[in-house]
Amino acid sequence: MTDAAELRRRTQELLAAHPPADTGRADFLRARFDAGLAWVHFPEGLGGLGAPRSLQAVVDAELQTAGAPDNDPRRIGIGLGMAAPTILQYGTEEQKRRFLRPLWTGEEVWCQLFSEPGAGSDLAALGTRAVREDSGDWVVDGQKVWTSSAHLARWAILIARTDPEVPKHRGITYFVCDMTDPGVEVRPLRQITGEAEFNEVFLTGVRIPDAHRLGEVGDGWRVAQTTLNNERVAIGGMRLPREGGMIGPVSKTWRERPGLRTHDLHQRLLKLWVEAEVARLAGERLRQQLVAGQPGPEGAGMKLGFARLNQEISGLEVELRGEEGLLYDDWTMRRPELVDFTGRDAGYRYLRSKGNSIEGGTSEVLLNIVAERVLGLPAEPRTDKDVAWKDLAR
Ligand SMILES: Cc1cc2nc3c(=O)[nH]c(=O)nc-3n(C[C@H](O)[C@H](O)[C@H](O)COP(=O)(O)OP(=O)(O)OC[C@H]3O[C@@H](n4cnc5c(N)ncnc54)[C@H](O)[C@@H]3O)c2cc1C
């Protein structure tokens with residue numbers, strides 16, 4: 001079993017062979033992956049050493065002290081947080097070897113082609129069609145929407161309907177889609193912040209080799225659950241230092257500018273500070289549970305809490321700053337490479353946090369998941385679960 005001491009030794013070996021000061025960023029990250037120090041809980045040969053997931057912090061701390069570059073996880077969150085665990089669980093050996101290394105180093109960005117104009121919360125109703133050709137390969141036609149980072153992505157995780165004759169959850173298959181295929185058209189969609197982080201994506205006669213199918217034909221809904229459960233943890237369970245999230249900038253302003261303080265704001269700030277700390281510690285606990293296996297519905301609870309807190313804290317920040325808090329006035333269309341809450345002004349944080357209760361599953365839908373799968377309350381009536389997808393009203 002690889003323990004902390006062994007990981008420290010291997011990390012020092014990596015640093016000695018590839019001193020960060022004299023090694024290019026991409027070369028260092030590739031060497032780190034090959035040394036099994038990328039995500040230590042992954043198998044050997046795939047960037048890991050089969051070590052306990054909790055020991056990743058040991059490697060990260062050693063590398064940070066040595067000034068080594070990281071893989072900029074905020075830029076490649078969909079690949080790291082969602083595509084990688086799905087490929088690891090359902091991919092063939094060939095797929096794992098082809099995709100995981102450039103995914104982790106950030107040389108290939110990933111996006112998620114799940115939501116459609118008529119299928120968001122009710123994702124299983126999706127209508128993008130994948131039709132199999134005699135050769136065994138697939139041709140995909142349809143439209144996806146709200147696709148974050150599609151304009152930067154080399155690959156996408158895609159779910160498409162392969163059998164319209166069976167009920168909606170059963171006729172879906174999961175693919176890896178090449179975003180450079182000539183049939184992929186990406187158009188920007190602007191958000192309330194003025195930025196276009198996400199896109200509509202039109203798929204017209206996109207060809208996908210059968211070797212890029214993840215999991216069995218018709219089993220895509222089950223494969224997608226791995227992605228969605230990991231997505232909620234990736235959004236709601238980020239590792240943060242104390243005051244590392246949205247509460248940080250508000251606390252800083254509070255400390256530095258006593259003139260802005262009122263009794264009411266004081267009470268509200270204290271309450272939110274405590275809630276942010278509770279959420280941070282609950283996130284730590286969730287990550288410890290992950291050591292024992294795949295995330296389950298508890299990730300939905302984390303993501304729910306994260307969305308509500310971000311919205312309340314960013315609202316308080318705007319109030320605290322008064323007129324100055326309303327000064328966000330840059331609605332020029334921009335295509336950000338990453339979503340960075342902390343490096344931006346209060347107005348941006350307030351506007352961007354509105355999306356937190358929609359992305360990765362709306363808060364209402366996550367409440368349903370917590371009610372049914374955590375609390376064991378009666379399920380919502382589902383009248384369409386035995387009806388063939390082609391016969392559903394759309
Ligand atoms: C910033 C951002 C980034 C995103 N990035 C991606 C991405 O990269 N890839 C991707 O595939 N998707 C992405 N999405 C899409 C996101 O997953 C969907 O917007 C979300 O699942 C909701 O779907 P919808 O927008 O179609 O809303 P709808 O499903 O139409 O919901 C409308 C309203 O009805 C409520 N509602 C629906 N069903 C129920 C129910 N059963 N019970 C109670 N209330 C219900 C919802 O809570 C919501 O308030 C992103 C969204 C945002 C905001």
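# Questions on a predicted model

Biologist: What is the relative accessibility of Glu 243, which counts as partly exposed?
Modeller: Buried means under 20% relative accessible area, exposed means over 50%, and partly exposed lies in between (1.4 Å probe, protein chains only). Glu 243 counts as partly exposed because its relative accessibility is 23%.

Biologist: What pLDDT do side-chain atom pairs need in order to count in this model?
Modeller: Residues are numbered from 1 along each chain as its sequence is written, and side-chain values use heavy atoms, with hydrogens and water left out. The model is predicted: totals for chains, interfaces and linings use all residues, local features need pLDDT of at least 70, and side-chain atom pairs need pLDDT 80 or more.

Biologist: Where does Glu 243 lie, and what is its phi?
Modeller: Helices (H or I, at least four residues) and strands (E, at least two) are DSSP runs, numbered from the N terminus. Glu 243 lies in the loop between helix 6 and helix 7 (247-256). Most residues other than glycine have a negative phi. Glu 243 is not a glycine, yet its phi is positive, near 65 degrees.

Biologist: In which loop does Asp 72 lie?
Modeller: Asp 72 is another residue that is not a glycine and has a positive phi, of about 50 degrees. Asp 72 counts as partly exposed because its relative accessibility is 23%. Its loop is the one between helix 3 (56-65) and helix 4.

Biologist: How many residues does the largest nonpolar core have, and which helix gives the most to it?
Modeller: A nonpolar core is a set of buried Ala, Val, Leu, Ile, Met, Phe, Trp, Tyr and Cys residues joined through side-chain atoms within 4.5 Å. The largest one has 33 residues, and those with the most contacts inside it include Trp 39, Ile 87, Trp 110 and Tyr 174. At least two residues come from each of several elements, including helix 2 (25-34), helix 5 (93-105), strand 4 (155-161) and strand 5 (172-178). The most, six residues, come from helix 4.

Biologist: What is the relative accessibility of Ile 78?
Modeller: Ile 78 is in helix 4. Contact means heavy atoms within 4.5 Å; leaving aside neighbours within four places in sequence, Ile 78 is in contact with Ala 83, Trp 110, Cys 111, Gln 112 and Ser 148. Ile 78 counts as buried because its relative accessibility is 16%.

Biologist: Which side chain makes a polar contact with the side chain of Thr 128?
Modeller: Thr 128 lies in the loop between strand 1 (110-113) and strand 2 (129-132), and it is buried because its relative accessible area is 1%. A polar contact is a pair of N or O atoms within 3.5 Å; within protein, one must be able to donate a hydrogen and the other to accept it, and residues adjacent in sequence count only if both atoms are side-chain atoms. A polar side-chain atom of Thr 128 lies 3.5 Å from the backbone nitrogen of Gln 143. The side-chain partner, at 2.7 Å, is Glu 116.

Biologist: Which backbone nitrogen does the side chain of Gln 95 reach?
Modeller: Gln 95 lies in helix 5 and counts as buried because its relative accessibility is 4%. At 2.8 Å, its side chain reaches the backbone nitrogen of Thr 92.

Biologist: How many residues surround the ligand, and which helix gives the largest share of the shell?
Modeller: A residue is near a molecule or strand if one of its heavy atoms lies within 4 Å of it. The ligand is surrounded by 19 residues, the closest being Ser 115, Ser 121, Trp 146, Thr 362 and Glu 364. The largest share, three residues, comes from helix 11 (residues 363-374).

Biologist: What percentage of the ligand's accessible area does the protein cover?
Modeller: Nitrogen atoms of the ligand lie 2.7 Å from a polar side-chain atom of Ser 115, 2.9 Å from a backbone N or O atom of Trp 146 and 3.3 Å from a polar side-chain atom of Glu 380. Accessible areas come from the Shrake-Rupley method with a 1.4 Å probe; for residues, only the protein chains shown count as cover. Of the 980 Å² that the ligand has on its own, the protein covers 69%.
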